[in-house]
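Biologist: I want to learn how to read a model like this one. Can we go feature by feature?

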Amino acid sequence: MVKNNEKLAKSIVDAVGGRENIDSATNCMTRVRMNIKDRSKIDEEALKNTEGVMGVNDADTYQVIVGPGTAKKVTDLLFEKHNIPSSSDGSNNWQDNKQAIKDQQSQGKFKQGIATIANIFIPMIPAIIAAGIFQGFSSLLGQMIADGAVAGTFWEGTRITFALIGNSFLGYFAIFTGVNAAKRFGATEALGGMIGAMSIAAPLIDLSTLVGLYDVDQPLNSILTTGKGGIVGVIFGVFILAKIEKYVRKSVPDVLDLIVTPVITLLVTVLLMAFIVMPVSGFLSDWLVTGLGYIIGSENMFVSVLSGYILAAAFLPMVLLGLHHGLIPIYAIQLEALGGVSLFPVLAMAGAGQVGASIAIYLVAKKVGNKRLKQIIAGALPAGILGIGEPLIYGVTLPLGKPFITAGLGAGFGGAYVMLMGVMANAWGPSGWVALPLMQPGKMMHYAIGILISYIGGFIITRIFIKDEDVLNV
């Protein structure tokens with residue numbers, strides 16, 4: 001397997017124009033992401049035909065889809081064997097490349113902002129998934145112990161251990177976010193972590209009480225309290241930290257830099273953070289959660305069903321436009337404010353709709369004798385069932401066009417059901433069946449039913465609209 005990954009890494013490097021054409025690289029769960037100097041040098045046809053490559057996406061960064069696990073291993077090989085810098089360690093010269101600057105400017109400020117925020121959270125996804133799973137099983141065991149289904153020191157110890165692992169990340173989410181945000185904005189990482197820690201530290205309540213911003217009777221309604229503004233506040237705070245740190249460092253003599261720069265930077269940033277950033281971002285977060293509550297958590301059955309359908313049906317087009325990363329802060333806000341994420345299970349139905357649509361296409365391909373398409377679908381279906389949708393999207397439904405739309409329309413029914421049943425997750429990550437352990441106790445069955453509904457919906461709608469001639473010569 002190691003040799004296969006080495007071969008895959010070398011093939012990717014060769015196909016994108018060689019080592020000298022790659023400015024830097026990083027990865028997410030399923031993709032190797034590269035900052036390419038000259039995209040005209042990419043042999044995309046060769047790349048798509050490379051064994052192990054499930055698809056490519058020419059977005060803000062050039063993305064090669066290789067699947068979970070493989071993405072991290074291949075990216076590590078790019079660092080180790082091909083001496084390609086990591087785009088998250090500040091060592092790349094992306095801004096020094098004229099073509100890269102031109103490409104980046106053409107993305108637009110909005111898309112750049114989404115990409116920046118996404119890159120703060122992407123390195124944390126493995127921890128988010130693991131913490132969510134352990135937190136979920138801890139809650140499930142706690143419920144079983146309370147109901148008398150299991151008893152004894154072993155089960156109580158297991159519950160506590162699982163809670164320890166889950167809380168070790170989720171309880172300090174703000175600190176991890178501060179560190180990663182500092183990496184992205186060019187600040188000292190430890191200082192970024194301190195800003196995150198300050199936002200959840202107990203002395204903040206003392207400060208808030210002293211200046212009359214703390215509501216003793218209703219702490220959550222306080223203008224300033226621990227966690228106010230959540231993850232959004234931490235990101236804004238670290239952004240300010242980076243600006244102040246750079247300014248101070250330029251202004252003080254080198255001999256005093258080590259002492260003066262962090263002290264002044266933290267003092268100014270913390271005052272701005274406590275009295276401006278946290279209250280303002282807290283207001284925005286509360287407004288967002290309230291707004292989502294009217295749409296996502298509505299007690300009106302019609303609103304709940306309609307919003308679930310639209311969100312699931314529209315998710316994959318958002319993925320193609322690169323807008324899906326903008327949802328990550330919303331996941332984080334929900335997790336902090338509600339103790340769970342209701343948006344993720346709904347959007348996870350989109351991949352299940354692709355599975356149902358692909359099964360329908362497989363049957364038509366079998367009928368018309370398109371062996372090539374049958375092989376593609378047979379190879380991509382297991383990954384799709386497990387929640388890795390790219391092979392089906394880029395290899396089957398998107399090239400055909402019409403099924404990409406019908407798959408989303410079918411997925412909407414699953415999204416409507418999941419929303420109606422109030423399914424919530426302890427974290428977010430891959431979709432499909434591998435996300436089942438992320439769901440909160442009592443909601444796993446409804447999530448599973450939602451997947452099956454999306455399979456059936458995607459299959460039926462695609463089968464109705466797909467014609468033999470659509471599949472015959474693909």
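Modeller: Start with one side chain. Asp470 has a relative accessible area of 25%, so Asp470 is partly exposed. Keep in mind that this is a predicted model.

Biologist: Which residue forms a salt bridge with Asp470?

Modeller: The general idea comes first. Side chains of opposite charge can pair when their charged atoms come close. Here, the partner of Asp470 is Lys402, and their closest N and O atoms are 3.1 Å apart. Lys402 is partly exposed because its relative accessibility is 37%.

Biologist: How many salt bridges does a search of the whole structure find?

Modeller: The search finds eight. One of them joins Glu156 and Arg159, with the closest N and O atoms 2.8 Å apart. Both residues sit in helix H7 (residues 153-170), three residues apart, or about one turn of the helix.

Biologist: Is Glu156 buried, partly exposed or exposed?

Modeller: Buried means under 20% relative accessible area, and exposed means over 50%. Glu156 has 29%, so Glu156 is partly exposed. Arg159 has 23%, so Arg159 is partly exposed too.

Biologist: Which residues are linked in a network of salt bridges?

Modeller: Glu245, Arg249 and Asp257 are. Within it, Asp257 pairs with Arg249, and the closest N and O atoms are 3.1 Å apart. Check the accessibility of each partner. Asp257 is buried because its relative accessible area is 18%. Arg249 has 36%, so Arg249 counts as partly exposed.

Biologist: Now the sheet. In what order do the strands lie?

Modeller: Four strands form an open sheet in the order S1-S2-S4-S3, with antiparallel pairing. Strand S1 (22-27) and strand S3 (55-58) are the edge strands, each pairing on one side only. On average, neighbouring strands are turned by 20 degrees against each other, direction ignored.

Biologist: How many bridges join strand S2 and strand S4?

Modeller: Four bridges join strand S2 (residues 31-36) to strand S4 (residues 62-65), in the antiparallel sense. Take Arg31: its bridge partner in S4 is Ile65.

Biologist: Which helix lies across S1 and S2?

Modeller: Helix H3 (residues 70-82) does, and H3 runs at about 150 degrees to S1.

Biologist: What is Phe173 in contact with, leaving aside neighbours within four places in sequence?

Modeller: The contacts of Phe173 are Phe121, Met124, Ile128, Ile231, Ala332, Leu335 and Trp428.

Biologist: Last point. What is the mean pLDDT of the protein chain?

Modeller: The mean is 84, and 90% of the residues reach 70 or more.

Terms used:
Residues are numbered from 1 along each chain as its sequence is written. This is a predicted model: local features need pLDDT of at least 70, side-chain atom pairs count only at pLDDT 80 or more; totals for chains, interfaces and linings use all residues. Side-chain values use heavy atoms; hydrogens and water are left out. Two strands pair if DSSP finds at least two bridges between them. Helices (H or I, at least four residues) and strands (E, at least two) are DSSP runs, numbered from the N terminus. Axes are lines fitted to C-alpha atoms, for helices over the stretch in contact, and angles run from 0 to 180 degrees between N-to-C directions. Contact means heavy atoms within 4.5 Å. pLDDT is the predictor's confidence in each residue, from 0 to 100. A salt bridge is a side-chain nitrogen of Lys or Arg within 4 Å of a carboxyl oxygen of Asp or Glu. Buried means under 20% relative accessible area, exposed over 50%, partly exposed in between (1.4 Å probe, protein chains only).
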